[in-house]
Amino acid sequence: MMVVIGRWVVLIMGVFLMKKAVIFDFNGTLLWDTHLHNRAWDDFLKQYNINLSDEEKNHVIHGKTNQDIFTSLFNKKFDSLAMTQLSEEKESIYRKLCLEADVKLADGAIELFEYCKHNRIPFAIATSAGKENVDFYINRFNLLKWFDIDLIIYNDGTIKSKPDPEIFNIAIHKLNMSPEDVVIFEDSVAGINSAIAAKAGEIIIVNSNNEDYSLFNYPIIKDFSEYETCVKI
């Protein structure tokens, strides 16, 4: 069987030879939707006379749970009903934008899933997204073709927000792996710091939004599809 592997073949193949499992962040990593989240937040926050630059969103919003985001933005805590209402108000705007834009999974992501499956490398998703969005992703992108439902870990309201490592720790435990045996793909500053705190054996940054990652000394890939070679597996 021939599988096309990208420009990062030496890096990824070397990592996979040494590591035993893969964890993907979702938004901004497997799904390049940062611009749509930014637009949705702009539309949502406009109703509350709050304006954030994209740079401010990178630090205040991206990679974090809605619970932490709303608490920070409004400087108050909300009960569960109010939090659910606010979250659904914002996320319904976002999902509508996704449908209008007909977004797809990141280039090369499916090929990497297939490679992992063929080589029996277990892999999981660990995302700060809530259940409503995760259900949308599962249906929209047929994720259960590649991922066991138990290995799609999301914000259920009890997991601490990135940069806390809890969500990655849960994923590592569900994969029955040691942290040093795991590769984590991330895009957000909060997510990268979460992966560091989880003591992942390897962290690979996906630069889907032309961000500045000069603070980190980790491999950076532009996407999953810069194909140059074919590897027989």
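Helices (DSSP runs of H or I, at least four residues) and strands (DSSP runs of E, at least two) are numbered here from the N terminus. The structure is a predicted model, in which local features need pLDDT of at least 70 and side-chain atom pairs count only at pLDDT 80 or more, while totals for chains, interfaces and linings use all residues. Residues are numbered from 1 along each chain as its sequence is written, and side-chain values use heavy atoms, with hydrogens and water left out.

A look at confidence comes first. By pLDDT, the predictor's confidence in each residue on a scale from 0 to 100, the chain has a mean of 87, and 88% of its residues reach 70 or more. Helix α8 (residues 166-174) has the highest confidence, at 98, and strand β8 (residues 227-232) the lowest, with a mean of 32.

Strands of a sheet pair through backbone hydrogen bonds, either parallel or antiparallel. Here, six strands make an open sheet with parallel pairing, in the order β4-β3-β2-β5-β6-β7; two strands count as paired if DSSP finds at least two bridges between them. At the edges are β4 (152-155) and β7 (220-221), each of which pairs on one side only. Strand β6 (residues 202-206) runs parallel to β7 and is joined to it by two bridges, with Val-206 opposite Ile-221 of β7. Helix α9 (residues 189-197) packs on this sheet, touching β5 (182-186) and β6, and its direction makes about 175 degrees with that of β6. For such angles, axes are lines fitted to C-alpha atoms, for helices over the stretch in contact, and values run from 0 to 180 degrees between N-to-C directions.

Turning to the interior, a nonpolar core is a set of buried Ala, Val, Leu, Ile, Met, Phe, Trp, Tyr and Cys residues joined through side-chain atoms within 4.5 Å. Buried means under 20% relative accessible area, exposed over 50%, and partly exposed in between (1.4 Å probe, protein chains only). The largest core has 37 residues, of which Leu-143, Phe-147 and Phe-185 touch the most other members. Elements giving two or more residues to this core include β2 (21-24), α5 (80-101), α6 and β3 (123-130). Beyond its neighbours within four places in sequence, Phe-147 contacts Phe-24, Leu-30, Phe-113, Phe-123, Ala-124, Ile-125 and Ile-152. A second, separate core of 18 residues includes Ala-21, Ile-23, Ala-195 and Ala-200.

In helix α6 (residues 109-118), the buried residues are Ala-109, Leu-112, Phe-113, Tyr-115 and Cys-116. They lie on the same side of α6 because they cover an arc of only 160 degrees around the axis, the arc being that of the directions from the helix axis to the C-beta atoms. After α6 comes Arg-120, with a positive phi near 55 degrees.

Some further backbone details are worth a glance. Most residues other than glycine have a negative phi, and most peptide bonds are trans. Asn-49, in the loop between α2 and α3 (54-60), has a positive phi near 55 degrees and is exposed, with a relative accessible area of 75%. Asn-142, in the loop between α7 and β4, has a positive phi near 50 degrees and is partly exposed, at 44%. A cis peptide bond, with omega about 20 degrees, joins Lys-162 and Pro-163; Pro-163 is found in the loop between β4 and α8.

Methods. Contact means heavy atoms within 4.5 Å.
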